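Good morning, and thank you for joining this meeting. I shall take you through one structure, with its ligands, its chain contacts and one of its chains in turn.

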Amino acid sequence: MHSEPEQPISPANNAYTLGPMQAGPVCCDPQPLIQVDNFSLHYGVKPALANITLDIYRGCITALIGPSGCGKTSFLSSINRLTDLIPGCRITGRIRIEGNDIHDPSLNVQALRRQIGMVFQKPTPFPLSIHRNIELPLHEHGITRRAHTGAIIRQVLQDVGLWDEVHDRLDAPALSLSGGQQQRLCIARALALNPQILLMDEPCSALDPIASGVVEDLISRLRGRYTIVIVTHNLAQARRIANYAAFFWVRGHVGRLVEFGHCRQIFESPAHELTAAYVNGARG
Amino acid sequence: MHSEPEQPISPANNAYTLGPMQAGPVCCDPQPLIQVDNFSLHYGVKPALANITLDIYRGCITALIGPSGCGKTSFLSSINRLTDLIPGCRITGRIRIEGNDIHDPSLNVQALRRQIGMVFQKPTPFPLSIHRNIELPLHEHGITRRAHTGAIIRQVLQDVGLWDEVHDRLDAPALSLSGGQQQRLCIARALALNPQILLMDEPCSALDPIASGVVEDLISRLRGRYTIVIVTHNLAQARRIANYAAFFWVRGHVGRLVEFGHCRQIFESPAHELTAAYVNGARG
Amino acid sequence: ASQKLVLTGASTIAPLAGEIARRFEAFHAGTRIDVQTGGSARGINDARKGIADIGMVSRALKPEEKDLRAHTIALDGVGIILHASNPVAVLSTQQIAGIYTGKILNWKIVGGRDAPVTVVNKAEGRSTLELFLSYFKLKNSDIKPQVIIGDNAQGIKTVAGNPNAISYVSIGAAEYEITHGTPIKLLPLNGVAASVINIRNGTFPLSRPLNLVTREVPQGLVRDFIEFTRSEQVHDLVEAQYFVPISVR
Amino acid sequence: MPEAVSMKLAHVHRDRLAQLAVCLAAFVVCAAFAWIVGDLVRGGLGHLSWGFLVDSPRDAGRAGGIGPILVSTLLILLVALMAALPLGWATAALLAEYVSANSGFGYAVRYSLQVLAGVPSIVFGLFGNAFFSIYLGMGFSILSGGLTLACMLLPILVSTAEAGLRAVPDSYRLSAAALGMSRATTLFRLLLPAAAPALAAGLLLGIGRAIAETAALLFTSGYVDRMPGSLLDSGRSLAIHIFDLSMNVSGGDTPAHASVLVLIAVLLFINMVAMRLTARWQHGKMVPE
Amino acid sequence: MDKLILRLLCGGAGIAATLVLLILLFLAVESWPALRHIPAGRFLTDPSWSPGENMYNLAPMLSGTLYAAGGALLVAAPLGIASALFVAYYAPPRVAGIYRRLIELLAGIPSVVYGFWGLTTLVPLINQLHPPGASLLAGILVLTLMILPTIALTAHAALLAVPAEYLRGAAALGMSRWGMIRGVALPTARPGIVAGIMLAAGRAIGETMAVLMVTGNVVRHADSLFDPVRTLAANIALEMAYAMNDHRAALFVSGLTLMLMVMALSGVAGWLARNRHA
Ligand SMILES: Nc1ncnc2c1ncn2[C@@H]1O[C@H](COP(=O)(O)OP(=O)(O)OP(=O)(O)O)[C@@H](O)[C@H]1O
Ligand SMILES: Nc1ncnc2c1ncn2[C@@H]1O[C@H](COP(=O)(O)OP(=O)(O)OP(=O)(O)O)[C@@H](O)[C@H]1O
Ligand SMILES: [Mg+2]
Ligand SMILES: [Mg+2]
């Protein structure tokens, strides 16, 4: 179910080992895991995304960039069908994960979401203890043996580098942690379910630079083990950690995908003039 | 009262003319306008700032940098005594503006605040029309003649580059503007009172990179006409626009000034090792 | 296991019925008798609809109410009351009618203080009101009141609290209150003092029977209770409320 | 410039004047309050005793105490809460968590609750009399009074509980959903516990409202002032007792004053507990970050 | 599991929603005899309210209701809003806390207590001024006491909801306290304050016991503040106990009228709220 506590990364699964940060598709497998096909999304009558087609590669970090309101968050939450929660939200087109359409009526949405971890812009721990924050979703998915949950909790807290900081106060309220610690707890919580995919919506933007750096390092270290899709306003960050980048833009009040490609290409030799203007002009 | 609409910058007041952005103390006058002397601040029993001593130079942009919670906002709001609004907030030490102690009991706080414009992290236009947003404080300060207020409103909206975008819908609600436009409106509102000093608390952090770039340019253009103190988490931004930088840090749960100096010096040859660690390590 | 009777109706009878009920319960363990007021009309209504087992009606039944059975338990009268400090001691029938129809607005006119009259009238549906109106040959719409009250007790309380008020209430209730120190007084009517004696001897013009009414011939507990209320065993209670016991007459 | 200075002065005066007016208004309100409470306490304090709380009323309430009346009040309240709580909280959960504000059903429920909240209590009395007492044949009883009150409490319980649930940050729902948790688990494990202080505060508010109610009970629970033997007996609530003593019993003012003091003391207690809870709730929300 | 819970919740909400219909239905059914016998116009044109003589004019009671509620609103709204401003912006924190608690206490005091106090204190006082004491004025004053806390508390809640940034922004612009309140706080809080006043109006119209105890209950159009009046709600409480047949039905008609007035009021409130969003 979950990798052994003592051996965080099973070499069989991928060839990535923790090392210095690096950009480029060196360390990940250029096989599409998520295939988005002519996907559009409406909030009521208002279109938010139109005709998005792109592939997200297994084990890679894909950054979504673009101005505010271009539909990055909407796109991200379409992948785990969190948009279902929004009344009036309609979609067309197809998203497949490992070939399976996520909108297939016979599909169990809760199981799908379990496969896909998500981290939000604002750290969102539940108002429970640190321990219970991770345990609750485990229980929900039928992992109830104490020894088992304990091992998982320890493992994921180590993965996010939080174990040393909090192991002696696991029963303290999660809300008493600092912002950066809360965000790492949220990542740990997502990892505990052993997902395949991690969606991250500006995970560092609410953090101060130091905490932000810690989380950024963490994300880099997760590369390979998980397929990561990350939204960021911070172009420097995207450049530092992503393998691929997708640039969204609003045209005719609808978000569209302008360009998708290797990170280096997008930042250094963008094909589209909008992209060039954005990555050079934006001083975010 | 207010400079003539046709001639935004009276050359008599300062020698600065709008030009390309530049760093360094080239364009501003190295005379202290604000003198902070052994200043400390407590929230109730909790100390937030201790023993701050620094000078802020006339017409320059001074950036305050440092991790979250180190008291940048507290320091900024001490300058226009906005901390008076917080119950239980106590201060010791002295802040002088042009030699006058701002805590002098005989001083009119409203007049002081009129002299000091302030821009907050989140754009905070009032839920009124665009026009009324600027008119209201003018009325409050006794500027009620229609022709006069009209001229000022036009002038400041031009100054912030908003005139072309909104002149045909001045009666629209200010909240219908985009985030960047709202922030520029807030700057315009502050400028309308013709202040001497502008305090800015992370004015770009709630904006997308494009809007952020526009506001950043605007701030650079205001250099010289106003004495600007700006808080930013974005070190690259501080580097791009500031003349001076002050680096705050939390030690013993209290915010302290670690280093103050020319921007280039702080970023390129910091005297203090904490500063060095911060400006190099932080990936904000 | 307990048996229960519900009585509703005239506020004039309610205090008496309550006292009698308490004594009845003492004799009949396991019974419970609830007494609620609301006016004679409600007594008729509830008895007819079966909401109450027994209705209390402080007047004779009208022709259209002959479907119900009345059981007279005592006699009472309606008397005019003033505040005890009011110097006026006698009012003629015309004066009373004048006061109630708004022709006499100041006590000075009838020999009292120079103060405006506060006319207290009863709300629609009270038998006291009906008796009063028919005796003085008035219509309710002619009356110009300043205060409208419901129960007898409310009328007494209003007059006791206002030296310039005039009202009319059950004589039994008024006498009870007077002996308990409430500052009111009863006026004679047509020269006949409003007192229990004059009701008993039939000389007081504005007297009335107090009835319990039932829909059918009383059976069981209802019969027992009605018989009890008409028996000698409760005369002391009737007299304590300043009514006239029925069998004495 | 002189124009500006004089305007400035005018503004200072205006500011002072406004301050004066506002403080004066506050003073008037305080004075009225002191007057009322002073009157009530002066009139009733001497009459209060343990015996007054437990004895039965005698002589139409002039003598004796309010024991059975307290019991009836409590029973009416219990009936009302047992009926209204499950219904109210279920409705609140549905409105806050399951139906969107602009769906037909949600709109209908919310609109009717809004209307219900405005219905005068005497109209509830009429309805209770016609429906519970007569149509359902409960007569004048604690049961029909309690059920009538339940109808009255429903909107309060729903709106406080709904507000409490809505105040729970959306992020909890989103992250719970993103973790693949079911809606029921989310509701019972996360949202309701987070909203618990609000639920409790609303509950206490409802109790306060119920204890204070008079008009809706006049024609439903009746006003027999005896110890109720069952829920189908008529029972007089404290508020009706005060009404009766003050309107219908000459010489009843002193026991009425004392009853008022008891009623106010109970309400004060409830109010204080509710405030504590609300404060805790707000404090809970202000946990940093 | 999820489905089952949803179904249970829907059932609960369904009952809650039908309640209003049930109330309307019963009011209508019980009023029907009167509406059938008595042409609707007669409720306004009959010479008086005298059910014993088959006269059913509700107009004086309508006017009594409106005078009492309107008067109370006129007094309570300024006082209530001023109280809210006092708590939110003028009083030092400790005083503000105490004052707010006091207002909450006032809000919790049952109407029958206000009525009792009015009866024992206010009415004798007014009686000395101008007999009989039980009057429209007494009703207005007692109603004022009752709705003032409602207005103050809703206004305070609305003021609290004014984002602190607005106030900070205004202060940073050197605006005076009153300038801040008039220019920024009140306009922002206005919808909430108006909603509170509507709520209070509904309460004032429907209030029964307190009014019943102090207004004298004479069915007549009041010519002055010192005249007694009877409100629709008091009429029901006063006569319901023993009303029968058409009389009872006529009382249900007044109940229905009250209900419709309150519904119209909440309709207006809703319309105002929506218009603001538009
Ligand atoms: N729940 C919603 N209902 C209606 N419209 C929405 C909703 N959520 C988002 N939108 C709209 O959809 C568009 C895309 O929003 P989205 O949040 O996906 O943008 P984003 O790229 O994440 O922006 P940001 O960088 O500011 O987070 C925007 O115009 C937004 O106003
Ligand atoms: N109103 C307040 N009451 C009590 N403590 C406060 C208050 N405002 C700020 N503080 C505390 O004072 C310290 C400094 O806060 P401040 O907001 O000035 O930091 P900052 O440098 O602006 O942080 P950030 O970068 O997150 O905005 C923090 O520890 C904070 O918790
Ligand atoms: Mg987003
Ligand atoms: Mg800050």
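This is a predicted model: local features need pLDDT of at least 70, side-chain atom pairs count only at pLDDT 80 or more; totals for chains, interfaces and linings use all residues.

Which residues come nearest to ligand 2? Of the 13 residues around this ligand, they are S68(B), G69(B), K72(B), T73(B) and S74(B). Several polar contacts can be pointed out. The side chain of K46(B) has an N or O atom 3.1 Å from an oxygen atom of ligand 2. The backbone takes part as well: an N or O atom in the backbone of C70(B) lies 3.2 Å from an oxygen atom of the ligand, and a polar backbone atom of G71(B) is 3.0 Å from an oxygen atom of ligand 2. As for cover, ligand 2 has 630 Å² of accessible area on its own, and the protein covers 63% of that. Two elements of chain B give two or more residues to the shell, namely strand 2, residues 46-57, and helix 1, residues 72-79. Sorted by class, the shell around ligand 2 holds 4 nonpolar, 6 polar and 3 charged residues.

Let me turn to ligand 1. For G69(A), it is a backbone N or O atom that lies 2.8 Å from an oxygen atom of ligand 1. For K72(A), a polar atom of the side chain lies 2.8 Å from an oxygen atom of this ligand. For S74(A), an N or O atom of the side chain is 2.5 Å from an oxygen atom of ligand 1. The accessible area of ligand 1 on its own is 630 Å², of which the protein covers 64%.

Now to the contacts between chains. The size of an interface is often given as the accessible area lost when the parts come together, and I shall quote that area for two pairs.

Which chains have the most contacts between them? Among the 7 pairs of chains that touch, they are chains D and E. This contact takes 71 residues from chain D and 71 residues from chain E. Together the two chains bury about 6300 Å², and 81% of that lies on carbon and sulfur atoms. On the side of chain D, F33(D), I36(D) and L126(D) supply 10% of the area buried against chain E, more than any other three residues.

The second pair is chain A with chain D. In this contact, 26 residues of chain A meet 20 residues of chain D. About 1900 Å² is buried between these two chains, 68% of it on carbon and sulfur atoms. In chain A, the residues that lose the most area to chain D are F126(A), E140(A) and L175(A), which together make up 25% of what that side buries.

Some pairs do not touch. Chain A and chain E are one such pair, with their nearest C-alpha atoms 12 Å apart. Chain B and chain C are another, and their nearest C-alpha atoms are 52 Å apart.

Chain E has 11 helices and 2 strands. How do these elements run from the N terminus on? The order in chain E is α-α-β-β-α-α-α-α-α-α-α-α-α.

The UniProt record, an unreviewed entry, annotates residues 62-269 of chain E as "domain: ABC transmembrane type-1". Over residues 62-269 the model of chain E is 80% helix and 0% strand, with the end C-alpha atoms 21 Å apart. The unreviewed UniProt entry also lists residues 66-90, 102-126, 138-162, 183-205 and 249-273 of chain E under "transmembrane region". Residues 66-90 of chain E are 100% helix and 0% strand, and their end C-alpha atoms lie 34 Å apart. Residues 249-273 of chain E are likewise 100% helix and 0% strand, with end C-alpha atoms 36 Å apart.

Methods:
Residues are numbered from 1 along each chain as its sequence is written. Chains are lettered from A and ligands numbered from 1 in the order in which they are written. Side-chain values use heavy atoms; hydrogens and water are left out. A polar contact is a pair of N or O atoms within 3.5 Å; within protein, one must be able to donate a hydrogen and the other to accept it, and residues adjacent in sequence count only if both atoms are side-chain atoms. Accessible areas come from the Shrake-Rupley method with a 1.4 Å probe; for residues, only the protein chains shown count as cover. UniProt positions are given in the numbering used here, feature names are shortened, and annotations may be inferred rather than shown by experiment. Helices (H or I, at least four residues) and strands (E, at least two) are DSSP runs, numbered from the N terminus. A residue is near a molecule or strand if one of its heavy atoms lies within 4 Å of it. Ala, Val, Leu, Ile, Met, Phe, Trp, Tyr, Cys and Pro count as nonpolar, Asp, Glu, Lys and Arg as charged, and the others, Gly among them, as polar. Contact means heavy atoms within 4.5 Å. Buried area is the accessible area (1.4 Å probe) that two parts lose on being put together, summed over both.
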